[in-house]
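Hi,

Here is the model I promised to pass on.

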Amino acid sequence: MKGLCRIADIIVPNLTEACCLTDTDYASVTETSYGEIMEKLKALCPCPSVTGCDETKGGQTESAVYYTDANGAVKRYATEKIEGAFHGAGDVYVSALVGALARGIAPDTAVAIAADFTKDSIKQTALDKTEARYGLNSESRMFAYLTALERAAKKS
């Protein structure tokens, strides 16, 4: 897997996968470890993005994405954390991210659009009480995602 990462333009592991790729002990990871993990991933691929980085801010739990911006700097984007296990969230995120990047949208905006789309899909899935193994109910959030892409593409 590390060999594939070395020839990739972008990689988007979740936190567990990022720990495996960087030989980091998952049990020892804290919120302060995320930047270190990103720096280790940058040795494998110039543009890593890590999902599933839970953080506590002001007593609230957020779900953060750490990513590399257009200048190579490590940044984070956080959304509301929806409690529960939601299969396919990473797949929805990376699909939305690649869709935005392929439209020429800057990484900062692409990450925000993809993370918000994923969070909204998770929220909808929780509201619908859909069986978790069926994945996210992202279809009902697709129009909002496409609208966000269109707005961002016009600004680029």
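Predicted model: local features only at pLDDT ≥ 70, side-chain atom pairs only at ≥ 80, totals over all residues.

Residues are numbered from 1 along each chain as its sequence is written, and side-chain values use heavy atoms, with hydrogens and water left out.

The protein chain has six helices and three strands (DSSP runs numbered from the N terminus: H or I of at least four residues for helices, E of at least two for strands). Along the sequence they come as α-α-α-β-β-β-α-α-α.

As for overall shape, the radius of gyration is 15 Å, which agrees with the value near 15 Å for a compact globule of 156 residues (taken over C-alpha atoms; the rule is 2.2 Å times the number of residues to the power 0.38). Along the principal axes, the C-alpha atoms fill a box of roughly 40 × 35 × 30 Å. Of the 156 residues, 37% are buried, where buried means under 20% relative accessible area, exposed over 50%, and partly exposed in between (1.4 Å probe, protein chains only).

Now the sheet. The three strands make an open sheet in the order β1-β2-β3, with antiparallel pairing; two strands pair if DSSP finds at least two bridges between them. β1 (49–57) and β3 (74–80) are the edge strands, each pairing on one side only. On average, neighbouring strands are turned by 35° against each other, direction ignored (axes are lines fitted to C-alpha atoms, for helices over the stretch in contact, with angles from 0 to 180 degrees between N-to-C directions). β2 (residues 60–68) and β3 share seven bridges, and Thr 68 sits opposite Val 74 in β3. Helix α5 (residues 107–128) lies across β2 and β3, at about 25° to β3.

Finally, what is Asp 69 in contact with, beyond its neighbours within four places in sequence? The partners are Lys 75, Pro 107 and Asp 108, with contact meaning heavy atoms within 4.5 Å. Asp 69 is in the loop between β2 and β3, and counts as buried because its relative accessibility is 8%. Its side chain also reaches the backbone nitrogen of Asn 71 at 2.8 Å.

Cheers

Terms used
Polar contact = N/O pair within 3.5 Å; in protein donor to acceptor, adjacent residues only side chain to side chain.
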